[in-house]
Amino acid sequence: MMVKKQMKMQMPVVKTILVTNRSVMNISRKLSAWIGMYALLVLLALYLASCSVTSHAPLARNASDTPASHTMTLSDHEFAPVNFVPRPGDTITIRNRSDISHSIYVTYPDGTMVNLGVQTPGTTVHWQVPADATGEFVLQCWIHPIIRANLLVNVANMSPSAAKSVLPKFTRQEILDGRQNICSSRNRRA
Amino acid sequence: MLFRHLVLIVSTLMVANTAWSANLPPREKFKRPDSIPAPLSNPLTLEKATLGKTLFFDQRLSRSGGMACATCHSPDQRWSDGRTLPLQAEGVSNARRTPTVLNSAWLSALMWDGRASTLEAQAVLPITTAHEMNFDLASLVGRLQQIEGYRPLFTQAFGDDSINQQRITQALASFQRTLVSNPAPFDRWVDGDEQAISEQAKRGFVVFTDKNKANCIACHSSWRFTDDSFHDIGLPSKDLGRGAKVPAQVTLMQHAFKTPSLRDLSIAGPYMHDGSMRGLKTVIKHYKSEANQRESLSKDIQKFELTELEESDLIAFIQSLDGGALHIQAPAMPQ
């Protein structure tokens, strides 16, 4: 009789323990789900952060990168088509393959003009893209106004924080037009 | 024995001919274009050219009413004036010879110093220059609005009879674009007619293009025989030319002037931007050794020597670029 009573008395305790265990399991499951979600968010954030930094690599010059050298060719009254994308710090060599003399000058985006001097047939002159270059640089000939080449220099040497402050916003249409690679597109436009 | 000598001579001539041909630039470089270029902002139409022709010959475009564009760009003078310096230029410092307006549709830089980049922009300059037509465009528009006879011409050209500065300059530019040199014997030679120019002129073409001879082609290139570019050719003139339009440190542009075309030259001159030379022999003499050897002198001008025969050949070649006078009927003036 006593045992029965004890059992009757223990039943709510067991029930309480069982209920408590179930609650703990539910909480644990919910916690796991939240942790999982949080981990996913962290991973996503890490991915986006890496995207904003590492995807600059093809366009931005790392400190260890050496400036590139490019060559432009002058025929009689024109530049041969340019097949490179100049970057800050690069050196551009202009070869005069024509039979006449030229005198090339570069107009910077702020209006500054830099003369590269007189270039007789068969000679070369050099121009270094400024380290802080951004925008359109126009190469023309004093002697032959018809000669002209426009070089677009895209700067990608800003720190991520600096880059972040100037990141442009993209419209849906821009993305649909092929700017899905937001990291590189932003970089090119910066 | 005689046969062997004959074979030897013929072989030598063939080799010489091959070498001669190999040194020449391809004739295609001098081929005339098939059509006249015009800017999208001012398409060439017969109606605009007709209006422009009337304006070009109308002396009422000058303040005094006594000078038209055609006064100095006369059809009878190869669309120039045949003068050393223009009318009314006495006392004007650094006055320059009147250039022809022939083939101006192809120009990318106008005036001797290139200060106008289109025919439309250039059309304003003689009208408003004090020693030329000495007028102002607002007054000119007002004067033309009073001439009833211009209304139908403007209507045909632009759709209504409104007269304004832009329409005047567009019409003048359109007319000038229609002034194209007649085909010259040289053009027929370029097209394959071997008999079109003399053997002397052919030899002169070699002298003209040879880097070790006159090398005129360094600047007088293309079918118009100009590079539309700027060079100091070493004349004693103090006129800075293009140098006054560019930064002073661009030494090469000091005393530099636009290369004139060699087509349809008046045989007696005057030549050069200051009209200082008459006769092609005088010009050749200057280039041979008399150019002022100053720092701004074109690097493409080097002293050279020519024999009497080569000089005659060169002149014969330049004369083969003459397609004859381009005559047109002067229009009736609207009243």
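Biologist: Which ring does the charged end of Arg27(B) sit over?

Modeller: That of Trp189(B), with 3.8 Å to the ring centre. A charge counts as over a ring if NZ of Lys or CZ of Arg is within 6 Å of the ring centre and within 35 degrees of the ring normal. Before we go on: this is a predicted model, where local features need pLDDT of at least 70, side-chain atom pairs count only at pLDDT 80 or more, and totals for chains, interfaces and linings use all residues. Residues are numbered from 1 along each chain as its sequence is written, chains are lettered from A and ligands numbered from 1 in the order in which they are written, and side-chain values use heavy atoms, leaving out hydrogens and water.

Biologist: How many aromatic pairs does the structure hold?

Modeller: A pair of aromatic rings is described by the distance of the centres and the angle of the planes. Rings of Phe, Tyr and Trp (its six-membered ring) pair if their centres lie within 6.5 Å; planes under 30 degrees apart are stacked, over 60 edge-to-face and the rest tilted. Over all chains there are 24 such pairs. Take Phe30(B) and Phe225(B): their centres are 5.4 Å apart and their planes at 15 degrees, so this pair is stacked.

Biologist: Are Phe30(B) and Phe225(B) buried or exposed?

Modeller: Both are buried, meaning under 20% relative accessible area, while exposed is over 50% and partly exposed lies in between (1.4 Å probe, protein chains only). Trp106(B) and Trp223(B) are buried too, and they make an edge-to-face pair, 4.9 Å centre to centre with 80 degrees between the planes.

Biologist: Which side chains make polar contacts with that of Glu120(B)?

Modeller: A polar contact is a pair of N or O atoms within 3.5 Å; within protein, one must be able to donate a hydrogen and the other to accept it, and residues adjacent in sequence count only if both atoms are side-chain atoms. Glu120(B) reaches Asn42(B) at 2.7 Å and Arg177(B) at 2.9 Å. Glu120(B) is itself buried, at 13% relative accessible area.

Biologist: What area do chain A and chain B bury between them?

Modeller: The size of an interface is often given as the accessible area lost when the parts come together. Here it is about 1200 Å², 66% of it on carbon and sulfur atoms (1.4 Å probe, summed over both parts). Trp142(A), Ile143(A) and Pro145(A) supply 39% of the area that chain A buries against chain B.

Biologist: How many salt bridges are there between chain A and chain B?

Modeller: There are 2, each a side-chain nitrogen of Lys or Arg within 4 Å of a carboxyl oxygen of Asp or Glu. Lys211(B) bridges to Asp99(A), with the closest N and O atoms 3.3 Å apart.

Notes:
Buried area = accessible area lost by both parts, 1.4 Å probe.
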